[in-house]
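Trainee: I would like to learn how to read a protein model, one feature at a time. Could we work through this one together?

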Amino acid sequence: MMRLQHPRIAPLPESEWTDEQREILARTTARRDHPLNIFTTLARHAPLLKRWLVFGNHVLFGSTFPARERELVILRVGALCKSEYEFAQHTRIGKMCGLTDEEIDGVKLGIDAHPWTDRERTLLVATDELHADQMIGDATWTALRGDWTEEQVMDFLFTVGQYTLVSMVLNTLGVQVE
(Lines give C-alpha, C1' and ligand atoms only; values in the text may rest on other atoms or scores of the structure.)
Protein backbone atom coordinates (compact mmCIF):
# COMPACT_ATOMS: atom_id res chain seq x y z
CA MET A 1 0.00 0.00 0.00
CA MET A 2 2.74 2.50 0.87
CA ARG A 3 3.67 4.60 -2.10
CA LEU A 4 6.87 6.17 -0.73
CA GLN A 5 9.71 4.22 0.86
CA HIS A 6 11.22 7.29 2.54
CA PRO A 7 9.64 10.32 4.15
CA ARG A 8 9.49 13.56 2.20
CA ILE A 9 9.34 15.35 5.53
CA ALA A 10 11.07 13.38 8.26
CA PRO A 11 9.77 13.11 11.81
CA LEU A 12 11.26 15.82 14.01
CA PRO A 13 13.93 14.29 16.28
CA GLU A 14 13.33 14.76 19.99
CA SER A 15 16.62 16.66 20.27
CA GLU A 16 15.07 19.41 18.11
CA TRP A 17 11.71 19.76 19.89
CA THR A 18 10.83 23.20 21.20
CA ASP A 19 8.96 23.53 24.48
CA GLU A 20 5.75 24.09 22.49
CA GLN A 21 6.30 20.96 20.40
CA ARG A 22 7.18 18.94 23.52
CA GLU A 23 3.95 20.08 25.20
CA ILE A 24 1.81 19.22 22.16
CA LEU A 25 3.51 15.87 21.60
CA ALA A 26 3.08 14.93 25.27
CA ARG A 27 -0.69 14.92 24.63
CA THR A 28 -0.28 12.20 21.98
CA THR A 29 1.50 9.64 24.16
CA ALA A 30 -1.18 8.61 26.65
CA ARG A 31 -0.97 4.96 25.61
CA ARG A 32 2.70 4.75 24.64
CA ASP A 33 6.07 6.14 25.70
CA HIS A 34 6.95 7.97 22.47
CA PRO A 35 4.87 9.92 19.95
CA LEU A 36 4.03 8.18 16.67
CA ASN A 37 5.70 9.26 13.43
CA ILE A 38 2.55 11.04 12.28
CA PHE A 39 2.74 13.37 15.29
CA THR A 40 6.50 13.99 15.18
CA THR A 41 6.22 14.74 11.47
CA LEU A 42 3.33 17.16 11.94
CA ALA A 43 5.18 18.72 14.90
CA ARG A 44 7.26 20.53 12.29
CA HIS A 45 4.12 22.73 11.97
CA ALA A 46 3.16 22.99 15.64
CA PRO A 47 0.18 25.39 15.24
CA LEU A 48 -1.38 23.07 12.65
CA LEU A 49 -0.78 19.97 14.78
CA LYS A 50 -2.23 21.66 17.86
CA ARG A 51 -5.46 22.63 16.11
CA TRP A 52 -5.80 19.40 14.14
CA LEU A 53 -5.52 17.34 17.34
CA VAL A 54 -8.68 18.98 18.70
CA PHE A 55 -10.70 17.78 15.72
CA GLY A 56 -8.92 14.43 15.45
CA ASN A 57 -9.47 13.72 19.14
CA HIS A 58 -13.19 14.39 18.75
CA VAL A 59 -13.44 11.93 15.88
CA LEU A 60 -11.36 9.29 17.67
CA PHE A 61 -12.42 9.74 21.29
CA GLY A 62 -15.44 12.06 21.52
CA SER A 63 -17.65 10.85 18.70
CA THR A 64 -21.17 9.50 19.19
CA PHE A 65 -20.25 6.78 16.70
CA PRO A 66 -19.42 3.41 18.34
CA ALA A 67 -15.71 2.52 18.46
CA ARG A 68 -15.96 -0.81 16.66
CA GLU A 69 -17.89 0.66 13.73
CA ARG A 70 -15.62 3.72 13.70
CA GLU A 71 -12.59 1.47 13.30
CA LEU A 72 -14.30 -0.55 10.57
CA VAL A 73 -14.87 2.68 8.64
CA ILE A 74 -11.35 4.02 9.29
CA LEU A 75 -9.83 0.78 8.04
CA ARG A 76 -11.96 0.94 4.90
CA VAL A 77 -10.81 4.51 4.29
CA GLY A 78 -7.19 3.44 4.82
CA ALA A 79 -7.63 0.60 2.31
CA LEU A 80 -9.37 2.81 -0.26
CA CYS A 81 -6.68 5.49 0.09
CA LYS A 82 -3.90 2.89 -0.05
CA SER A 83 -2.51 4.23 3.21
CA GLU A 84 -0.28 1.57 4.74
CA TYR A 85 0.34 3.75 7.80
CA GLU A 86 -3.34 4.36 8.50
CA PHE A 87 -4.25 0.74 7.94
CA ALA A 88 -1.44 -0.52 10.21
CA GLN A 89 -2.24 1.84 13.08
CA HIS A 90 -5.97 1.20 12.95
CA THR A 91 -5.57 -2.56 12.60
CA ARG A 92 -4.12 -2.45 16.13
CA ILE A 93 -6.85 -0.11 17.39
CA GLY A 94 -9.55 -2.06 15.57
CA LYS A 95 -8.52 -5.27 17.32
CA MET A 96 -8.73 -3.47 20.67
CA CYS A 97 -12.28 -2.43 19.69
CA GLY A 98 -13.34 -5.99 18.86
CA LEU A 99 -12.62 -6.41 15.15
CA THR A 100 -11.36 -9.84 14.14
CA ASP A 101 -8.51 -10.63 11.77
CA GLU A 102 -11.08 -11.93 9.27
CA GLU A 103 -13.04 -8.67 9.40
CA ILE A 104 -9.87 -6.61 9.00
CA ASP A 105 -8.84 -8.70 6.00
CA GLY A 106 -12.38 -8.35 4.60
CA VAL A 107 -12.23 -4.56 4.89
CA LYS A 108 -9.05 -4.53 2.85
CA LEU A 109 -10.36 -6.91 0.18
CA GLY A 110 -13.74 -5.25 -0.33
CA ILE A 111 -17.34 -5.28 0.75
CA ASP A 112 -18.10 -8.72 -0.66
CA ALA A 113 -15.06 -10.35 0.98
CA HIS A 114 -16.78 -10.93 4.33
CA PRO A 115 -20.32 -11.73 5.51
CA TRP A 116 -21.05 -8.31 7.03
CA THR A 117 -24.22 -7.54 8.95
CA ASP A 118 -26.65 -5.24 7.16
CA ARG A 119 -25.54 -2.32 9.38
CA GLU A 120 -21.85 -2.97 8.67
CA ARG A 121 -22.46 -3.37 4.95
CA THR A 122 -24.34 -0.05 4.90
CA LEU A 123 -21.40 1.68 6.59
CA LEU A 124 -18.92 0.19 4.15
CA VAL A 125 -21.08 1.04 1.12
CA ALA A 126 -21.49 4.61 2.43
CA THR A 127 -17.72 4.87 2.92
CA ASP A 128 -17.10 3.64 -0.62
CA GLU A 129 -19.66 6.09 -2.02
CA LEU A 130 -18.08 9.00 -0.14
CA HIS A 131 -14.66 7.98 -1.40
CA ALA A 132 -15.80 7.64 -5.01
CA ASP A 133 -18.35 10.46 -5.27
CA GLN A 134 -17.82 12.67 -2.21
CA MET A 135 -21.50 12.06 -1.48
CA ILE A 136 -23.80 9.31 -0.29
CA GLY A 137 -26.62 8.23 -2.60
CA ASP A 138 -30.27 8.31 -1.55
CA ALA A 139 -30.67 4.56 -0.97
CA THR A 140 -27.57 4.38 1.21
CA TRP A 141 -28.58 7.55 3.04
CA THR A 142 -31.97 6.04 3.84
CA ALA A 143 -30.32 2.87 5.13
CA LEU A 144 -27.87 4.89 7.26
CA ARG A 145 -30.66 6.96 8.78
CA GLY A 146 -32.59 3.79 9.56
CA ASP A 147 -29.74 2.57 11.75
CA TRP A 148 -28.10 5.69 13.16
CA THR A 149 -29.08 8.97 14.84
CA GLU A 150 -28.48 12.34 13.19
CA GLU A 151 -25.41 12.95 15.36
CA GLN A 152 -24.02 9.50 14.64
CA VAL A 153 -24.41 10.00 10.89
CA MET A 154 -22.68 13.37 11.14
CA ASP A 155 -19.86 11.80 13.17
CA PHE A 156 -19.64 9.03 10.56
CA LEU A 157 -19.29 11.61 7.76
CA PHE A 158 -16.58 13.47 9.62
CA THR A 159 -14.78 10.20 10.39
CA VAL A 160 -14.59 9.36 6.70
CA GLY A 161 -13.50 12.92 5.90
CA GLN A 162 -10.91 13.07 8.70
CA TYR A 163 -9.27 9.79 7.76
CA THR A 164 -9.33 10.56 4.06
CA LEU A 165 -7.49 13.80 4.84
CA VAL A 166 -5.05 12.02 7.14
CA SER A 167 -4.42 9.28 4.56
CA MET A 168 -3.67 11.89 1.88
CA VAL A 169 -1.21 13.64 4.22
CA LEU A 170 0.47 10.38 5.29
CA ASN A 171 0.79 9.15 1.71
CA THR A 172 2.10 12.46 0.38
CA LEU A 173 4.57 13.09 3.19
CA GLY A 174 5.71 9.46 3.16
CA VAL A 175 5.18 8.95 6.89
CA GLN A 176 6.61 5.51 7.65
CA VAL A 177 5.00 2.87 9.85
CA GLU A 178 6.78 2.53 13.16
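Predicted model: local features only at pLDDT ≥ 70, side-chain atom pairs only at ≥ 80, totals over all residues.

Trainee: Where does Lys-82 sit in the chain?

Mentor: Lys-82 belongs to the loop that joins α4 (67-80) to α5. Its backbone is worth a look too: phi of Lys-82 is near 55°, a positive value in a residue other than glycine.

Trainee: Which loop holds Gln-134, and what is its phi?

Mentor: Gln-134 lies in the loop between α7 (118-133) and α8 (138-147). Phi there is near 60°, again a positive value in a residue other than glycine. As for accessibility, Gln-134 has a relative accessible area of 62% and is therefore exposed.

Trainee: Now the whole chain. How many helices and strands are there?

Mentor: The protein chain contains nine helices and zero strands. Read from the N terminus, the order is α-α-α-α-α-α-α-α-α. Its radius of gyration is 17 Å, close to the 16 Å that the globule rule gives for 178 residues, so the chain is as compact as a globular protein of that length.

Trainee: What are the spans of the C-alpha trace along its principal axes?

Mentor: They are about 50 × 30 × 30 Å. To see how the chain folds back on itself, look at the contacts with a separation of 6 or more: 66% of them join residues 24 or more positions apart.

Trainee: What share of the residues counts as buried, and what does the surface consist of?

Mentor: Of the 178 residues, 48% count as buried. The accessible surface is about 9400 Å², and carbon and sulfur atoms account for 56% of that area. For charge, count side chains: there are 19 positive and 26 negative ones, and the centres of the two sets are 5 Å apart.

Trainee: How should I read a nonpolar core?

Mentor: Start with the general idea: in soluble globular proteins, nonpolar side chains tend to be buried together. In this model the largest nonpolar core has 18 residues, and Ile-38, Phe-39, Leu-49 and Trp-52 touch the most other members. At least two residues of this core come from each of α1 (19-26), α2 (37-42), α3 (46-62) and α9 (150-173). The helix that gives the most to this core is α3, with four residues. Apart from this core lies another, of 17 residues, including Val-59, Phe-65, Ala-126 and Leu-144.

Trainee: Which residues does Trp-52 contact, beyond its neighbours in sequence?

Mentor: Leaving aside neighbours within four places, Trp-52 is in contact with Ile-38, Phe-39, Leu-42, Gln-162 and Val-166.

Trainee: Is Leu-12 buried or exposed?

Mentor: Leu-12 is in the segment before α1. Its relative accessibility is 7%, so Leu-12 counts as buried. To see what surrounds a residue, list its contacts: not counting residues up to four places away in sequence, Leu-12 touches Trp-17, Gln-21, Thr-40, Thr-41, Ala-43 and Arg-44.

Trainee: What does Thr-91 touch, and is it buried or exposed?

Mentor: Thr-91 is part of helix α5 (residues 84-96). With a relative accessible area of 17%, it falls under the 20% cut-off and is therefore buried. Outside the four places on either side in sequence, Thr-91 touches Leu-75 and Ile-104.

Trainee: And which residues contact Asn-171?

Mentor: Asn-171 is in helix α9, and at a relative accessible area of 7% it is buried. Beyond its neighbours within four places in sequence, the contacts of Asn-171 are Arg-3, Leu-4, Cys-81, Lys-82 and Ser-83. That list brings back Lys-82, from the loop between α4 and α5.

Trainee: How do I compare separation in sequence with separation in space?

Mentor: Take C-alpha atoms in pairs. Glu-151 and Ser-63 are 88 residues apart along the chain, and their C-alpha atoms are separated by 8.7 Å. Asn-171 and Glu-20 are 151 residues apart in sequence and 26 Å apart in space. For Leu-12 and Leu-124, 112 residues apart along the chain, the C-alpha separation is 35 Å.

Trainee: Is Glu-151 buried or exposed?

Mentor: Glu-151 is in helix α9, and its relative accessibility of 53% is over the 50% cut-off, so Glu-151 counts as exposed.

Notes
Residues numbered from 1 in each chain as written. Heavy atoms only, no water. Rg over C-alpha atoms; globule rule 2.2 N^0.38 Å. Buried < 20%, exposed > 50% of the residue type's maximum accessible area, 1.4 Å probe, protein only. Contact = heavy atoms within 4.5 Å. Areas by Shrake-Rupley, 256 points an atom, 1.4 Å probe, with all protein chains shown as cover. Lys, Arg positive; Asp, Glu negative; His and termini not counted. Charge placed at Lys NZ, Arg CZ, Asp CG, Glu CD. Core = buried A, V, L, I, M, F, W, Y, C linked by side-chain atoms within 4.5 Å.
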